[in-house]
Amino acid sequence: MKITFLGTGTSQGIPIIGCECEVCNSRNPRDNRLRSSVMVSDDDFALAIDAGPDFRQQMLRAGVKKLDAILLTHEHNDHVIGLDEVRPFNFRQRMNMPVYGAVHVLSEVKSRFAYIFDSNPYPGSPKIDLLPISAHHPFKIGPLEVRPIEVMHGDWPVLGFRFADFTYITDMKTISEAELEKVKGTRHLVLNALQQSQHYSHLTLEEALAIIRRIQPEHAYLTHISHSMGLHAEVSRMLPPNVSLAWDGLEIWC
């Protein structure tokens, strides 16, 4: 199973429009971050987790020719607003795109993309099948066994997902002990870390490292990173040996 980091930035991406900070002006490509998303794939199957505003660019950059499904963590725009861009896959694959998410997430998708689900949709509109999942029940997408993990994004419920020895969690601030138990034993962990200073709905670097110490994965990768975190090269020197800042285009095998 290959994991491709399609984007590792927060809701505004990096660089931010009009910002002149050292991170937004950095020439290191690892400081340029599209909105957070990963792809889980093998030779025959490809699943994208989230489809934010950079979805088209991410698919082109990663050279994705076939996409079998999309799995949504939650309904914030930086994770769903690129769903219109599934149209080329509809045309190429001659199928509706399966989109999995919690019931309230799919309800928001249906509202924001009302034209897709109209009784008489405009010709050429995206073709999407909405497939509800529960935070409390494992499920399958193609060959993949998926175990959902519910975390809180401030007061907002968000789903992380575990695939065998790989776990992906984004937009988290807190997690219950029961949900944390689902993560333990994972070898490869992806976890959000927005910045070094306190934030009301995202983990800070220090908070993320504390959770990683509790889970003790073989390796952890930090994502959903803002320009306030600091330069990739400088922050990387602060991290334990088993923790890395993820970057756009990074590929790992699980």
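Glutamate 177 is partly exposed, with a relative accessible area of 46%, where buried means under 20% relative accessible area, exposed over 50% and partly exposed in between (1.4 Å probe, protein chains only). The model is a predicted one, in which local features need pLDDT of at least 70 and side-chain atom pairs count only at pLDDT 80 or more, while totals for chains, interfaces and linings use all residues. Residues are numbered from 1 along each chain as its sequence is written, and side-chain values use heavy atoms, with hydrogens and water left out.

The side chain of glutamate 177 meets that of arginine 214 in a salt bridge (2.9 Å, N to O), a term that denotes a side-chain nitrogen of Lys or Arg within 4 Å of a carboxyl oxygen of Asp or Glu. Because glutamate 177 lies in helix α5 and arginine 214 in helix α6, the pair ties together parts that are 37 residues apart in sequence; helices (H or I, at least four residues) and strands (E, at least two) are DSSP runs, numbered from the N terminus. Arginine 214 is partly exposed, at 44% relative accessibility.

Helix α6 (residues 205-215) also holds glutamate 207, whose side chain forms a salt bridge with that of lysine 173 (2.9 Å, N to O). Lysine 173 lies in the loop between β10 (166-169) and α5 (177-183), so this pair ties together parts that are 34 residues apart in sequence. Glutamate 207 is partly exposed at 24% relative accessibility, whereas lysine 173 is buried at 15%.

A search of the whole structure finds 11 salt bridges. Lysine 66 and aspartate 68 are also joined through their side chains in a salt bridge (2.6 Å, N to O), in which lysine 66 is partly exposed at 40% relative accessibility and aspartate 68 is buried at 15%.
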